[in-house]
Amino acid sequence: MTSRQVVVLIVLLASQFLMAADFSILNVALPRVGVDLGFSAGNLQWITTAFALCAAGCTLVFGRVGDYLGRRRIFVTGMLILAVASVVGGLATSPELLLVARTLQGLATAAVTPAALALLTTTFTEPGLRARALGLNGVMMSSGFSVGAVLGGVLTDTLSWRWAFFINIPVALLAVVVVSAVVAESRAERRGTLDVPGAVLITTGLFSGVYGITQAAENGLGALPVLAMGLAVVLLAAFWVVESRTEEALVPVRILRRPEVAFSNMSALFIFGGETALIFFTGLYVQNVLGFSPLVAGLVLLGIGIGQILGGMIGPRLIERIPPHTLLGLSLVGQGAFMLPMLVMPATPEWVLPLVATQFVNAVFSMTAMLAFMVIATSAVGTDMQGMATGMATQSQQVGIAIGIPVFSAVFTAVVGAEATGSEQMPGIHTAVAVDGVLLVAAGALLWLVLRRHSPAGSSAGEPAAADENR
């Protein structure tokens, strides 16, 4: 790497660290937030859902806007939105103000994450360096998650949950200053006009779909969730029709038809949805079943973070030797397989160390899967469409994160009911984790079979596809 590339890498990775730490810190603080601001038990989930809806619905649009207007500009704008949202959230005195802050944070994430990834992939165009940069990106996001899990417990216990918001303000403002000074602007060489109908359809379609799935998982298949999911199907079908007839499409249909694009993005739903659900049920097991404190739960989750850090370090070396589609399939199988030992764990504290050990290995596989997915997704298109590619990849991640916990929580509730406490929750935890693990193993095998038929022989990072797109 050149000295400029090193500086750019450090700045962008620090921003990803911040976004991951912020998500993790607030998750630990949620129960205290609910008590202080008067959220009911049924409405507490909206603190997470409001964020997830905006992050999942708007990421692709912001990614494509970055291609046209400049990825650095979108990054800086997103960081400024994050600073404002953190002020509002830290000073919130009512549930309504906090939800406004979370909505703004979701928009900031939708802007910053694909812009940072696009700046990385356009700065590091050589396949080996790109894989290394994406691996380090995964390391920093995992480090942010790990540090945030512990820091959230410390801040909430020693200061206040409000510092989960306040801590973002100086870091976001510093990122704005440094990025503006050291990162060169990056945009598509051929600038088109934004596909507004496509942007509206994909945003509202995903918003409606994620809302419908989360509500159905939490409250059952009532009229409202069914209507929302039906509307999502109609809107996304309309999006496909519009994109196939629009010259300056938000996402050209020829890109969506590529198996490596479609199936690699589909894998993100399993990788991120499955891992998010595992983290949720680990928290239930450690706190509700074993009776440990939130701080101990954060330390247990630290094992997952450390495993993902190791996966991010070895992943780039693996991907130089193993085709990305093979690494993706094997990693998904490993991620799912190392969830299954949790099925034999009883409600006794002695099983905490085996839990940490198996989830450490699970996390290594989840991170190598994330890296392989990102390499495939971003290598399938040329430089001019990197904002669109990273936006679509990030959107897949956010959708997976948004629906993972509600979907597997529905499995949990179906087994033990909503009122189960303590060790009564064990059958539900076992069943939900079993379904999660088996789905990941099956998805890994299926994706490997499909993607190996469409991957160039001997290619380690999808170079031919990117070259074709540039031409």
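At 22% relative accessibility, F166 counts as partly exposed. Here buried means under 20% relative accessible area, exposed means over 50%, and partly exposed lies in between (1.4 Å probe, protein chains only). The model is predicted, so local features need pLDDT of at least 70 and side-chain atom pairs count only at pLDDT 80 or more, while totals for chains, interfaces and linings use all residues. Residues are numbered from 1 along each chain as its sequence is written, and side-chain values use heavy atoms, with hydrogens and water left out.

Helices (H or I, at least four residues) and strands (E, at least two) are DSSP runs, numbered from the N terminus.

A pair of aromatic rings is described by the distance of the centres and the angle of the planes. Rings of Phe, Tyr and Trp (its six-membered ring) pair if their centres lie within 6.5 Å. Planes under 30 degrees apart count as stacked, over 60 as edge-to-face, and the rest as tilted. By this rule the count comes to four aromatic pairs. In one of them, the ring centres of W163 and F166 are 5.5 Å apart and the planes stand at 80°, so the pair is edge-to-face.

F338 and F365 form a stacked pair, because their ring planes are at 25° and their centres 6.0 Å apart. This pair links distant parts of the chain. F338 sits in the loop between α13 (324-337) and α14 (352-379), whereas F365 belongs to helix α14. The two are 27 residues apart. F338 is partly exposed, with a relative accessible area of 31%. F365 is partly exposed as well, at 27%.

Helix α13 has 14 residues, and at 1.5 Å a residue these should span 20 Å. The end C-alpha atoms are 20 Å apart, which agrees. The expected span of a helix is 1.5 Å times one less than its number of residues. α13 is mostly covered, with eleven of its 14 residues buried. Among the buried residues are P324, H325, L327 and G336. A337 is also found in α13, but A337 is partly exposed at 34% relative accessibility. A337 and L440 are 103 residues apart in sequence, yet their C-alpha atoms are 8.1 Å apart in space.

Helix α2 (residues 46-69) has 24 residues. From first C-alpha to last, α2 reaches 32 Å, close to the 34 Å expected at 1.5 Å a residue. The helix has a kink of about 45°, centred on C58. The bend at a residue is the angle between axes fitted to the seven residues ending there and the seven starting there. α2 is mostly covered, and 20 of its 24 residues are buried. G70 follows α2 and has a positive phi, near 120°.

Helix α11 has 31 residues, which should span 45 Å at 1.5 Å a residue. The end C-alpha atoms of α11 lie 43 Å apart, which agrees. As 23 of the 31 residues are buried, α11 is largely enclosed by the rest of the structure. G273 lies in this helix and is buried, with a relative accessible area of 2%. The C-alpha atoms of G273 and F408 are separated by 9.1 Å, although the residues are 135 apart along the chain. After α11 comes G291, whose phi is positive, near 80°.

α11 (259-289) also contributes to the second largest pocket. On a 1 Å grid over the protein atoms alone, a pocket is an open set of points with protein on both sides within 12 Å along at least five of seven lines. Lining residues have an atom within 4 Å of a point. The pocket has a volume of about 740 Å³. Grid points are joined across faces, edges and corners, and a volume is the space filled by probe spheres set on the points. The lining has 25 residues, of which I202, L206, L236, L269 and S396 lie nearest the centre. The elements giving two or more residues to the lining are α8 (196-219), α9 (223-245), α11 and α15 (386-416). By class, the lining has 20 nonpolar, five polar and no charged residues. Ala, Val, Leu, Ile, Met, Phe, Trp, Tyr, Cys and Pro count as nonpolar, Asp, Glu, Lys and Arg as charged, and the others, Gly among them, as polar.

Technical notes
On a 1 Å grid over the protein atoms alone, a cavity is a set of points where a 1.4 Å probe fits but cannot get out, and a pocket is an open set with protein on both sides within 12 Å along at least five of seven lines; lining residues have an atom within 4 Å of a point.
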